[in-house]
Amino acid sequence: MRKQVEMEFGEIGGAETAADGSPLWWKIQSLAGQSDELFVKKLAQNDTSWAEPEKGSNQAGYYVPRPIREAGFFPTLLADNPAKPHIFHAEIPVLWPQTGEVTQSQLRHFSNKGSEAHCTCVPRTLFRGLTPASLLLAGRFSAPLAGCRWWMVTLDSSGEEAEILETVLDLPVDFHYALFRADAITKARQAEHDELEELIAEFRTAIRSGTLADVVARYAVLPDPATIARQARNQWLRTKGLDSFDPWEIDAPGDAIMEISREIEYRFYRRHELRRRASELLALLSGGDDLPSALVRRYPEIDSVLLSASQQRKSRAGRSFEQHIAAALDAGHIRYEEQVVTGGRRPDFVMPDCRTLRRKRRSHDDALVLAAKTTLRERWKQVSSERLNCDVYLATVDDRVAATSITEMADAGIKLVVPESLRESGETVYADQPNVLTFRQFFDSEIRDRRPQLIRLTDTDSGTRGNA
């Protein structure tokens, strides 16, 4: 899933260094430039759990899906042992730039055990301690390098390099694995490339004609966040052939919210952001001084523009998530109050209202609190169920939450609400966790079944709201 590089300051891990001392992303770009094809896989638990010392597993590698095995990225597997005709294998010499080592790895397929192949003899340390939903990136050299035909890296999902890779390859929210052209690392998609050329031409014309100030003024104000969110939601509805963002009518409302906020809306926002920030920087650098002088003398102003962009991007991501949840609650006729202060806290959603929550003589199920955070880290500790006398739910689209954190949330009386696809994904640790439920389960079980009083009936409901 693309994380949009919109996290809180200090949340994303710092840049990693390759074995030769260069930044890992620079090394990846260099290796990609010497490759003809890339393989990216979001690592599931069974791809990494073998590397943990307490597991004691005999497995020593990750799984390669059948479509990748048969696509020609790896060599053809052969069964050359008459005594074991069900074992197909191939040797793949691999360079691991993170450690600098070369391994004679094996791609093995047991035809009597399923369709996947197993890449073995890989560095255990690179698969140990990875955050859920981390990435494997492999490249196939155009010509052998140091006796190797392939190179591989593991990118922790909490690190900078995973964020960059997800952005440059535009990985969708439901990404699992795929092959890419090697130049995808450095080339934008053609449609985006053409649009960028138009913007560049517009800036050049403005500089020649002395109208750059007018261009800066035209792009100075980004559309209201609620407007961009509504545009993205309407595009999703048109694509799905739906008239309303009604959670009772959408099979997987959590997946819908995740796709809209993290993909569709982000593309809209990125287009507006590029025009505003590029025009601001261009105005700073074309003020009469030569480029080196302008860059050095006006660096504090440049830094201020970049800092402002980062802060605005960060706040947009969280607010976007909340807006789409609110849209679902509205369309589902669910009673709530938003961003109300109670007991020194400001929950994102109180249902049905703060007055009911504060009422001393009520049952536990008369009210609930729903907080929303796109990414968790340690910020889930800002949410508490203490002294509220109601269930507290924490909605997120974060696929990197560790099992230990989920257990700590359960101990604190917090139930996680996640998109449907994340709950069942083998790349997260949400499955079988008793305090994790999907948005579908939240609407059906926690609201309709346990708290039907939260649903505001309309003239056409006839008392059956949510029972479609």
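## Fold and packing in a predicted model

Of the protein's 468 residues, 49% count as buried, where buried means under 20% relative accessible area, exposed over 50% and partly exposed in between, with a 1.4 Å probe and protein chains only. This is a predicted model, in which local features need pLDDT of at least 70 and side-chain atom pairs count only at pLDDT 80 or more, whereas totals for chains, interfaces and linings use all residues. Residues are numbered from 1 along each chain as its sequence is written, and side-chain values use heavy atoms, with hydrogens and water left out.

The protein contains 14 helices and 14 strands; helices (H or I, at least four residues) and strands (E, at least two) are DSSP runs numbered from the N terminus. Among its contacts with a separation of 6 or more, 63% link residues 24 or more positions apart, contact meaning heavy atoms within 4.5 Å.

### Sheet and covering helices

Six strands form an open sheet in the order β9-β10-β11-β12-β13-β14, with mixed pairing; two strands pair if DSSP finds at least two bridges between them. Because β9 (337-338) and β14 (436-438) stand at the edges with a single partner strand each, one side of each is left without a neighbour in the sheet. Within this sheet, β10 (residues 349-351) and β11 (residues 368-372) pair in the antiparallel sense over 3 bridges, and F349 stands opposite L370 in β11.

### Nonpolar cores

The largest nonpolar core has 51 residues, and those with the most contacts inside it are F245, I325, M351, L370, F442, F443 and I447; such a core is a set of buried Ala, Val, Leu, Ile, Met, Phe, Trp, Tyr and Cys residues joined through side-chain atoms within 4.5 Å. Helix α10 (residues 299-331) supplies the largest share of this core, 7 residues. Residues up to four places away in sequence aside, F442 touches M351, L368, L370, Y393, V417, L437 and I447. A second, separate core of 26 residues includes A18, I28, A162 and I185.

In helix α4 (residues 160-168), the residues E161, A162, E163, L165 and E166 are buried, and the buried residues of α4 pack against α1 (24-33), β1 (35-42), β6 (135-145) and β7 (148-155). The helix is followed by D170, whose phi is positive, near 55°.

Helix α6 (residues 212-219) has L212, V215, V216 and Y219 as its buried residues. These lie on the same side of α6 because they cover an arc of only 100° around the axis, the arc being that of the directions from the helix axis to the C-beta atoms. On the other side of α6, A213, D214 and A217 are exposed.

H272 is located in helix α8 (residues 253-285) and, at 24% relative accessibility, counts as partly exposed. Leaving aside neighbours within four places in sequence, H272 is in contact with L222, P223 and I228, while its C-alpha atom is separated by 9.6 Å from that of A220, 52 residues apart along the chain.

### Cysteines

The structure holds 0 disulfides, a disulfide being a pair of cysteine sulfur atoms within 2.5 Å. C148 is buried at a relative accessible area of 1%, and C390 also counts as buried, at 5% relative accessibility.
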